[in-house]
Each structure stands twice: as structure tokens, then as C-alpha cells.
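The following paragraphs lead through the model from its overall organisation to individual elements. Please keep the coordinates open while reading.

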Amino acid sequence: MPDLKRRLLLGAAIAAPFAALVAAKPRARSGAHSAYFRALQDALQDAGLFRPTLVIDRQRLADNIERLKAHLPANKHYRIVAKSLPSLKLIETVRAATGTDRLMVFDQPFLNFVGAQMADARVLLGKPMPAGAARRFFAQHHNAAFDAAAQIEWLIDTPQRLAEYRDLSQARRGDGLGPMRINLEIDVGLHRGGFRSAQAVAEAVREIDTVQSLEFSGFMGYEAHASKIPDVLGGPRGALARAMAFYAECIDAARAAQGARFDADALTLNAGGSSTYQLYDEAAPCNELAMGSGLVMPTDFDKPTLADHLPACFISTPVLKALDRTELPGLEAMTGLFRAWDPNTARAFYLYGGYWLADAVSPPGLQRNAIWGHSTNQDLLNGSTGVQLNVGDHVFLRPHQSEFVFLQFGDLAVYDDGRIVDAWPVFQPGA
Ligand SMILES: Cc1ncc(COP(=O)(O)O)c(C=O)c1O
């Protein structure tokens, strides 16, 4: 090999890993709260909220509701996904703005809570409750203003569960209530269970029609998978088209099974979720769409199909300690090295609480420390010297999801026009 070529090859062999190292080396990120978060911090401090707090931005919530109303096809009703908005006041706010009385409920104690506190709601179960949970609902339900027979649709996913509900409904004979309404979960492609063929649907509808204490009330076909289907597999619209084609088949099967009794207008034909509702048009065979999370926008819903919705929920928590060094126990001697490699580890901020399912968003540039780990008591976030954050300032995080995270902070703090204007109690799972 000529000398020059050998030297070039040798040079490349040395330079390539070095270049890779330089490319991988983290750059310093920095910044301060935007005017939005500064105003939010002032509002929380004025309200005396110097502790971890879940904040709802009422104006942004209202804007998201307007987006929903603008996108909802004219011939589709809207159903509130209650688990994703787990506060009666929050649900009442959405109801008032949308005019819907339809809720999707996923939990037996929550169902009793709705039966006791929101007697004019019409409920579709979002998952099939064990028959024992349905029995417990009836045992604990005492509000005559909420007609549990007429106002609840129980979700059924298999012939076995249908048989259990038949037995339950027959055992309840004599309690003066009407038939239990049965909505069939159909598998429109998510493959999370439910009826998978038009024939199985027809058999279930025929079975329901033979039992006096049961009444067929419609279908629920959830298609959360659709928004994640890549373009090579037909994309979200292809998946939705396939889901709706099967949905239409199920409706036809019910029509054939019920004959003259079939009344499509009387049925609840539910579909949708936050990540798909904008893909629907009037031609879809369902007659209502469910969604909840998209009204508050936790990070799991940062999707192109919700690009015009705004984050409306944040966790706020005070910084208890702001240190100029990040020292890891046992690795004190490495402090300089870690910092030289990643300038974003220069400072250490210990928070009031932490380890929520959430990402820090303000001030920009905060990151977790993989070696230090997590603490629910005083969590650690690192940042460069350019991150403008001091003891007493608040850090803002966005929850990944609302249904669980909202329940961890006590009352939701409602923020509007520069002030905390209300406190909305969250649902107590133990109730
Ligand atoms: C049956 C069903 N429908 C709809 C939804 C949509 O809820 P969200 O809009 O909060 O994603 C869910 C969420 O889990 C669901 O399970």
C-alpha cells in the first residue's frame, strides 16, 4: 500500500471515533421560564400553593373544547371519557361547554360516584366489569334520581360474560328496575378483546333478545391503534377505514338478527378516542365519539392528529435546594468528569416531591440524572449553569397521562387570566 494511502486510512481510523464522540457529547441547554410560566408561578404563589400542584389552565381547556366541537362531525354525539378527566367539576365544565350528558366510565366506585352525584348522566362502561362489580354497584347505589337500568350500558366482551350478566339480571328480578342494557365490545383492530366476527355479534344479539331482563343497546369499538399504524401499513386512515368497515358489518349483523325490532337511532354506536377523533367524518357508521385526554393534553397525546390542541395541565412544584455541584454519593471524585462530558449536569435542583409520570418542561434544559435515580420525596433534576432556576422558584412538568397522575395532588388548581380561581376535587378511588 502506498505510504500516503496508509497514512490517510490510519488518520480516518483515529478520527472517526473521535468525531463520533464529539457528535455524541451533550451540548449545554439553558433558559428561563417563558412569560406564560412566570405568570403561572406568580399565580400559584399568590394562591399560597407552595407544594406539588396539578394545575388546569381553564382558558386552554376551553380552547381545546372548541377544537373538539369544531372537528366533531355534525351527525356524531360526543361522549366524555371520565377516567381521563377524573374530577366531577372538570367533567361538569366539559358538559356545560359541550352540552353532552354522555359519560364513559371505567371503574365501579366511580360509577357509584356518578350515580350519586350526577343523576342526569348517561353512562357507557368503557371496559367490561366483572359481574361481581356490577352486583356491588347495585348494592351500593341508592340514588333513585339515577335510573341505573335506563342510564347505564354495561359492556360485554364474550358470550361467557353475557351469561354472567344474564344470571345477574335474572337474580335482580323484582327490584323494580328495567332490563340491564348491554353494549357489545367489538374488536375493530385494537385486539384488546371483544367480539371478532359479525357472526359472533349476531349470536350475542339473538341471545340478548331471548332474555327479558337484558336489552341490546349498541356497540363500542375502540381503535386507539389507528393513530400508530405506519404509512407502509396503510397509515391511520387505512386502519380507521378497516375498523369502520368491520363496525358496519356488526351493525348489519345486528339488523339481520333483530329484524323489525332493530332501531339504529336508539342504539349507542360508540367509537373514537382522543388520538383518532379528528379522522372521522359523517360517513362513519358510529353515531358518537368518545374522547377525554385531548382536552387537557398530557404528553402521550402529542400526536399529529391533535396538533391544534394545547397542553392545559401542568404539575408545578417548588425547588427546595439549588446546588452548584452535582455530587453523587461514592462518586464525588467523578463530579468534574461528569460535568465536563455533560454540562447539563452542572447544577442540582432538589424538588418538593417528584417521580411522577411526567416530563419537566420549564424552565427549559432540565434533565433527570440516570445514576442518581428517583425520589418521590425530593427528586433531583440537573441543569446547566444557564438554567435560570433558584430556591423558591417553581418547576413545571407535563404529565404523560391524566387518568392516574391527576389523582396524586389533591384538588386541581384552576388557573385563569393570571390567577388561581378555583379548586376542583379529584375523584377519590377509595370512595
Ligand atoms: C374504550 C375507550 N374509549 C375511548 C378512550 C379514549 O380516551 P382518551 O380520549 O382519554 O384517550 C379510551 C381510553 O382508554 C377507551 O378505553
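Among the contacts in the chain with a separation of 6 or more, 71% are between residues 24 or more positions apart; two residues are in contact if their C-beta atoms, placed from the backbone, lie within 7 Å. The structure is a predicted model, in which local features need pLDDT of at least 70 and side-chain atom pairs count only at pLDDT 80 or more, while totals for chains, interfaces and linings use all residues. Residues are numbered from 1 along each chain as its sequence is written.

The chain has 431 residues, of which 40% are buried. A residue is termed buried if 20 or more other C-beta atoms lie within 10 Å of its own, exposed if 12 or fewer, and partly exposed in between, with C-beta atoms placed from the backbone. The C-alpha trace spans about 85 × 70 × 40 Å along its principal axes. The secondary structure comprises 11 helices and 16 strands; helices (H or I, at least four residues) and strands (E, at least two) are DSSP runs, numbered from the N terminus.

A closed barrel of 8 strands is present, running β2-β3-β4-β5-β6-β7-β8-β9 with parallel pairing. From one strand to the next, the twist averages 30 degrees. Such angles run from 0 to 180 degrees between N-to-C directions, and axes are lines fitted to C-alpha atoms, for helices over the stretch in contact. Two strands are said to pair if DSSP finds at least two bridges between them. Strands of a sheet pair through backbone hydrogen bonds, either parallel or antiparallel.

Strand β2 (residues 77–81) pairs with β3 in the parallel sense over 2 bridges, and Ile 80 stands opposite Leu 103 of β3. Strand β2 is also joined to β9 (residues 288–291) by 4 bridges, and these strands run parallel. Here Arg 79 has Ala 290 in β9 as its bridge partner. Of the 5 residues of β2, 4 are buried, and the strand is mostly covered.

Attention now turns to the helices. Helix α5 (residues 108–117) has Leu 111, Asn 112, Phe 113, Val 114 and Gly 115 buried. The buried residues of α5 pack against β3 (102–105), β4 (122–125), α6 (131–140) and α7 (148–151). The axes of α5 and α6 come within 9 Å and cross at roughly 30 degrees. Angles under 35 degrees count as roughly parallel, over 145 as roughly antiparallel, 65 to 115 as roughly perpendicular and the rest as oblique; α5 and α6 are therefore roughly parallel to each other. Gln 108, Leu 111 and Asn 112 of α5 make this contact with Ala 133, Arg 136, Phe 137 and Gln 140 of α6. By class, the contact of α5 with α6 has 3 nonpolar, 3 polar and 1 charged residues. In this scheme Ala, Val, Leu, Ile, Met, Phe, Trp, Tyr, Cys and Pro count as nonpolar, Asp, Glu, Lys and Arg as charged, and the others, Gly among them, as polar.

Helix α3 (residues 58–71) packs with helix α4 (residues 88–98) at an angle of about 45 degrees, their axes being 10 Å apart. That angle makes α3 oblique to α4. In α3, Ala 62, Ile 65 and Lys 69 meet Val 94, Ala 97 and Thr 98 of α4. This contact has 4 nonpolar, 1 polar and 1 charged residues by class.

Two loop residues complete the description. Ala 145 is found in the loop between α6 and α7 and counts as exposed because it has 10 C-beta neighbours inside 10 Å. The C-alpha atoms of Ala 145 and Asp 120 are separated by 7.9 Å, and the residues are 25 apart along the chain. Asp 231 is found in the loop between β7 (214–221) and α10 (235–258); Asp 231 is exposed, with 9 other C-beta atoms within 10 Å. From Asp 231 to Gly 410, the C-alpha to C-alpha distance is 42 Å, at 179 residues apart in sequence.
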